[in-house]
Amino acid sequence: MSTFTRGSTSTSTGSTSDGKNGSMNGATTEANRRPRLSGMTWLVWRQHRAAFWTILAATALSVAWMVYQRGQLVDFLDGYGYPGKSLYEADGAFQQYNDAFSFVSMGLQAIPILLGVFLGAPLIAGDLENGTAKLVAAQSMSRTRWLATKLALAGLVVVVSTGGLSAVFGWWWSPVKSEATAMEWISSEAFNNTGPVPVALTLLSVFGGVAIGVVLRRTLMAMVVTFGFTVAVQLVWSYSMLSLGNAVTITTNKGVTGESGFPSLPRGAYELDQSYVTGSGDLVGSGTCAGSETDAARQVCLDKADVVGWSVEYLPMSQMNVMQWFGASILFALTAGVVAFLFLWGRKRLV
């Protein structure tokens with residue numbers, strides 16, 4: 001009897017144990033299949049999760065709004081009869097869509113400044129100021145790995161958010177891309193918010209803010225200096241934007257008046273300069289003879305100056321992608337230099 005009892009108990013226990021082990025093994029296997037952050041990656045994400053989730057949530061809301069606006073724009077264009085009818089004839093009917101482009105483009109252009117100040121500057125400076133960096137240095141993790149993880153996660157969030165916004169904004173603008181009534185492709189509203197440019201500008205602003213914070217070691221001071229740095233980057237970039245393209249020059253020799261006088265430019269071309277061409281091939285300013293009181297007097301003046309046609313310098317719209325990638329490559333190279341500085345500085349003076 002006792003043997004049977006022990007056997008039953010053993011069998012029962014074994015069954016129960018097997019059942020528990022089976023459940024536990026199943027739960028463990030299921031848990032192992034789930035992607036989870038661990039170690040330094042988990043620590044950095046948890047430390048900055050509020051900023052990261054705020055950026056991603058704001059990006060999702062902005063993307064949803066732009067998708068809606070794109071649908072509204074397409075419905076208007078279909079009802080209006082575009083491209084059969086020019087948008088110049090739409091009077092004020094297109095204004096609300098143009099205002100939407102302007103509103104969103106202003107917000108997108110502020111992103112490099114905002115993320116540089118509120119994400120980049122405090123990323124390391126806060127840890128240096130409150131002593132967290134010393135605590136990390138005392139652990140088994142190296143300072144290099146800690147810095148690399150911080151930069152990698154911040155960079156990933158920046159690329160995902162700005163890349164998504166750039167793609168959706170470009171998709172929204174694409175139906176009227178060649179229309180100057182919406183946005184000129186060379187304007188900062190369009191050029192700086194599409195393609196790789198917003199990603200490159202924001203990465204340079206954020207990592208530049210990180211470098212400033214590492215050097216100054218004070219969060220508030222780093223944020224103030226980073227604001228000045230990011231604004232300066234935007235101004236320099238806007239000033240040098242036109243130099244990224246290869247200007248095309250077209251000349252005529254049929255005079256400067258009449259319907260066939262001025263050369264025909266490609267659709268969407270951005271005019272850089274225009275001058276008069278003389279019979280000897282020299283260029284004179286387009287203001288020559290502007291003071292003539294009558295058309296006849298102006299023609300006499302032009303003939304006296306031996307003006308035979310126009311010389312127009314312009315950037316074709318077909319160069320937009322090349323110009324954006326060329327400019328972005330310069331910004332990426334500058335960002336790589338900032339990152340290299342951070343790792344060289346971090347080896348000796350990060351804590």
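**Close-up 1. Pairing of strands β1 and β4 in the predicted model.** In this predicted model, strand β1 is joined by four bridges to strand β4, which spans residues 307-315, and the two strands run antiparallel. Within this pairing, Thr249 stands opposite Glu313 of β4.

**Close-up 2. The open sheet to which β1 and β4 belong.** Four strands make up this open sheet, in which the order is β1-β4-β2-β3 and the pairing is antiparallel. Its edge strands are β1, covering residues 248-251, and β3, covering residues 283-285, each of which pairs on one side only. On average, and with direction ignored, neighbouring strands of the sheet are turned by 35° against each other.

**Close-up 3. The largest nonpolar core.** This core has 68 residues, and those with the most contacts inside it are Phe94, Phe101, Val176 and Phe191. At least two residues of the core are supplied by each of several helices, among them α3 (49-80), α4 (95-130), α8 (197-216) and α11 (320-349). Helix α6, which covers residues 143-173, gives the most to this core, with 12 residues. Helix α9 is also among those that each supply at least two residues.

**Close-up 4. A nonpolar surface patch that includes Met221 of helix α9.** Leu220, Met221, Val224 and Val225 together make a nonpolar surface patch of about 400 Å². Of these residues, Met221 is found in helix α9, which covers residues 219-240. Met221 has a relative accessible area of 47% and is therefore classed as partly exposed, since this class lies between the cut-offs of under 20% for buried and over 50% for exposed.

Note on methods. Residues are numbered from 1 along each chain as its sequence is written. This is a predicted model: local features need pLDDT of at least 70, side-chain atom pairs count only at pLDDT 80 or more; totals for chains, interfaces and linings use all residues. Side-chain values use heavy atoms; hydrogens and water are left out. Two strands pair if DSSP finds at least two bridges between them. Axes are lines fitted to C-alpha atoms, for helices over the stretch in contact, and angles run from 0 to 180 degrees between N-to-C directions. Patches are made of residues with over 30% relative accessible area and no salt bridge: like charges are joined within 9 Å, nonpolar side chains (Val, Leu, Ile, Met, Phe, Trp, Tyr) within 5 Å. Accessible areas come from the Shrake-Rupley method with a 1.4 Å probe; for residues, only the protein chains shown count as cover. A salt bridge is a side-chain nitrogen of Lys or Arg within 4 Å of a carboxyl oxygen of Asp or Glu. Buried means under 20% relative accessible area, exposed over 50%, partly exposed in between (1.4 Å probe, protein chains only). A nonpolar core is a set of buried Ala, Val, Leu, Ile, Met, Phe, Trp, Tyr and Cys residues joined through side-chain atoms within 4.5 Å.
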